[in-house]
Amino acid sequence: MSGHQCTENPPKLDPNSGSGHVEKLGGLDSYVSGSTDSKLAVVLVSHVFGYETPQLRKLADKVAEAGFYAVVPDFFHGDPYNPANEDRPLPIWIKDHPQDKGFEDSKPVVDALKNKGITTVGAAGFCWGAKVAVELAKQELVKAVVLLHPSRVTVDDIKGVKVPISVLGAEYDQVTPPELVKQFQHVLATKPEVKSFVKIFPRVKHGWTVRYNPNDPSEVKAAEEAHKDMLVWLTNHVK
C-alpha cells in the first residue's frame, strides 16, 4: 500500500458525479445506483481516494445498467487520502483507515442491503478495497468477489477464500506484481471447489481500472476490458 503506484494519477473528486445518489447505508454515506427491485447487489470498495472518484461512480452506474443495485460506501468517513496534504502521507493516513476496519464497516452495509430486500450480494474491491473484498470472501458474507489491482492481499488470504473469485492484475503493478498474482492463481488451482478466474492485463499498471486517462484510447480500452471481465464474473456468480 505504501507503493507510489497507489497514489499516482489522483482523481479529481466530484461529490456530484454519477447518475445515482448518496444515501446512508449501514451507517455509511454511500453512492447508490440502480434499483433494489433487482434483488442483486454489488458493493464496490474503493481505492484510497474514496467514493467520490468519478470513474468509480461511472463504473458503478455500469454495474447498475447490468441489472444490479450498485453501492459505493464511503469507508473513509469523509476523509479520503489527499496527496496535497504533505503532513499526512499515505503511511500516516492508512493508520487511520486500516483495511481491517474497512472490513468491519462493510458488514453493516451487507446487512442493510439484505434489510432492503436484496437476496444476493457480491463485491468488487479496488486497491485498498480488494483487501476488504477478500475478507468478505473468506467469511462467505458475499456470493462472489472481484479483486482489481489489489493491495496487501496475501497468498494466505487467497487460501482462505470460500466463494467464486476473480483477480485482475496488471503487468506493471509494483504493489501486487504479476509474480504474486501467479501465486494466487496457483493456490486457486489447488482449490477446485472455489471457482476462479485470474488475468494479468498487459501494458497497464496498478490502478488502471479507475484512474485511467480518458483521452488515451489504449488506457480506456484496457479499463473497459477489465470492467467487462468484472461484470461477466459478477453476472455469472451473483444470482
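Predicted model: local features only at pLDDT ≥ 70, side-chain atom pairs only at ≥ 80, totals over all residues.
## Helix α4 and its cover

Buried, as used here, means under 20% relative accessible area. The buried residues run through W128, G129, A130, K131, V132, A133, V134, E135, L136, A137 and K138.

C127, in the loop between β5 and α4, has a positive phi of about 55° although it is not a glycine. C127 is also buried, at a relative accessible area of 0%. Just after α4, E140 takes a positive phi of about 55°. For context, most residues other than glycine have a negative phi.

## How α3 meets α4

Two packed helices are described by the angle between their axes and the distance between the axes. Here, helix α3 (residues 99-115) packs against α4 at an angle of about 60°, and the axes are 9 Å apart. That angle makes α3 and α4 oblique to each other, and their crossing is right-handed. On the α3 side the contact is made by Q99, G102, F103, S106 and V110, and on the α4 side by W128, K131, V132, E135 and L136.

Look at the spacing of those positions as you turn the model. An α-helix has 3.6 residues a turn, so residues three or four places apart point the same way.

## Aromatic pairs and a cluster

Which aromatic residues come together in one cluster? The members are F49, F75, F76, Y81, W93 and W128. Counting rings of Phe, Tyr and Trp whose centres lie within 6.5 Å, the model has seven aromatic pairs. In one of them, F76 and W128 have ring centres 4.7 Å apart and planes at 75°, so the pair is edge-to-face. This pair links distant parts of the chain, 52 residues apart: F76 is in the loop between β4 (69-73) and α2 (90-96), while W128 belongs to helix α4 (residues 128-138). F76 is buried at 1% relative accessibility, and W128 is buried with a relative accessible area of 1%.

Another pair brings together Y81 and W93, with ring centres 6.0 Å apart and planes at 70°, so this pair is edge-to-face too. Y81 sits in the loop between β4 and α2, and W93 in helix α2, 12 residues apart. Y81 counts as buried at 10% relative accessibility, and W93 is buried at 0%.

A ring also takes part in a contact with a charge: the charged end of R57 sits over the ring of Y51, 5.0 Å from its centre.

## L28 and its surroundings

L28 lies in strand β2 (residues 28-33) and is buried, with a relative accessible area of 3%. Which residues does L28 contact, leaving aside its neighbours within four places in sequence? They are E23, P73, D74, F75, H77, D105 and V109. Of these, F75 is also a member of the aromatic cluster. By contrast, L28 and V155 are 30 Å apart in space, C-alpha to C-alpha, and 127 residues apart in sequence.

N9 is found in the segment before β1 (21-25). The phi of N9 is near 50°, a positive value in a residue other than glycine. Is N9 buried or partly exposed? At 47% relative accessibility, N9 counts as partly exposed.

Note on methods:
Residues numbered from 1 in each chain as written. Heavy atoms only, no water. Phe/Tyr/Trp six-rings, centres within 6.5 Å; stacked < 30°, edge-to-face > 60°. Helix = DSSP H or I, 4+ residues; strand = E, 2+ residues; numbered from the N terminus. Buried < 20%, exposed > 50% of the residue type's maximum accessible area, 1.4 Å probe, protein only. Lys NZ or Arg CZ within 6 Å of the ring centre and 35° of its normal. Axes fitted to C-alpha atoms, helices over the stretch in contact; angles between N-to-C directions. Parallel < 35°, antiparallel > 145°, perpendicular 65-115°, else oblique. Left-handed = near helix turned anticlockwise from the far one by under 90°. Contact = heavy atoms within 4.5 Å.
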